[in-house]
Amino acid sequence: MARRATLKDVAAAAGVSMTTVSLVLNDRPARVSTEKREAIAQAVKQLNYVPNQNARSLVTKQSKLVALIVPDVENLFFAALAKCVEDECATQGYSLIVANSDDSRVTEHDLLRRLSSRGVDGILLIPARESCSDGVGADLRADVERITCPVVLIDRLARCGWCDAVGFDNYLGGRLAAQYLLEGGHKRIGIVTGDVAESSAADRRRGFADALEQAGERLDPALCVAGDYRFASGYRAADRIIDGGATAVFCCNDVMALGFRQRMAERGLHVTEDMQVIGYDNILKRFGLGWRMTTVEQSVGDLAAACWGMLGGRIDGVVNGGGADAGRPWLAEPQGKVLTPKLVQAACA
Ligand code: RIB
């Protein structure tokens, strides 16, 4: 295999010093003529030179890598979010590493340790479901406090108050779902929740129940089924809610709503005619899948812009403000941002 071209080879081919090549390739301030810059670019192309990022990081103290840890890589909401975050990072020359905790506290702990030790410049974390339960959250906080690079919590634990965090108003989202179904004349309404030990799921359920109560209706416990944001839990919940006489159901994410609709189809039931189904996330906006569904949308584009805006600012602070030794403001003076969800009605549910 041909030897990999080095910085020295580029300098020799361009007729300049290695220092000049390094300054030009690292976009550092340098008085270098246009001719020499062009000669360096030509040499890089001809030699197929790829800078050694590890060596570069020693100079710039930056890896230009950011990590995003998601709790369920099979959920299209997180796939869409990862794409939007990757687009945001790329505008400032960063690459994104996506890792999956699979909602496991143990896996999340290992990922945080490994990724931070690999020198990523920042970490975006959607906490694992297991990390959001009372008592376990302290373990996550201890992990984050051991990490020297900036961390932003996304979506879950958005109101934790001990770390930079961005999320949506899940309580409002639950209310929007209830109001839509009540306005449709439904009175026996079921709900398939996420794991209510996790704040986003608990807030959606609470907003939904409060809106029903304020409209003079109540959430019948017999029509309230605990899910886990995964397809199978939506599928399993359907029989109890259908046989319980509900005319509508709020599934607290689209993946469970698709599971619920799968079971309806097996029983020969149709959405709207037999049961109105509303979801959450609007994953079909980007992935279609031949389905249309009324849902509560959390814009992944807005979420990505907000979390990258927060993390990018913290990274700049570390790079330009004296490094991690200058304190960790994402923990010392945490920022919080709460975005607004919106109801998106399907033309045909
Ligand atoms: O669909 C997965 C859910 O988990 C989303 O609604 C998102 O808010 C996350 O909490």
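**Around the ligand**

Biologist: How far does a polar side-chain atom of aspartate 155 lie from an oxygen atom of the ligand?
Modeller: In this predicted model, a polar side-chain atom of aspartate 155 lies 2.5 Å from an oxygen atom of the ligand. Asparagine 75 also has a polar side-chain atom by a ligand oxygen, at 2.8 Å, and for serine 200 a side-chain N or O atom is 3.4 Å from an oxygen of the ligand.

Biologist: And how much of the ligand does the protein bury?
Modeller: The protein buries 100% of the 280 Å² that the ligand exposes when taken alone (Shrake-Rupley areas, 1.4 Å probe).

Biologist: Which residues are around it?
Modeller: The residues around the ligand, meaning those with a heavy atom within 4 Å of it, include Phe77, Phe78, Arg156, Arg204, Tyr229, Asn253, Asp281 and Gln298, besides Asn75, Asp155 and Ser200.

Biologist: Which helices supply at least two residues of that shell?
Modeller: Helix H5 (76-90) and helix H9 (199-214) each do, where a helix is a DSSP run of H or I with at least four residues.

Biologist: What should I know about the numbering and the cut-offs?
Modeller: Residues are numbered from 1 along each chain as its sequence is written, and side-chain values use heavy atoms, without hydrogens and water. Local features need pLDDT of at least 70 and side-chain atom pairs 80 or more, while totals for chains, interfaces and linings use all residues.

Notes. Polar contact = N/O pair within 3.5 Å; in protein donor to acceptor, adjacent residues only side chain to side chain.
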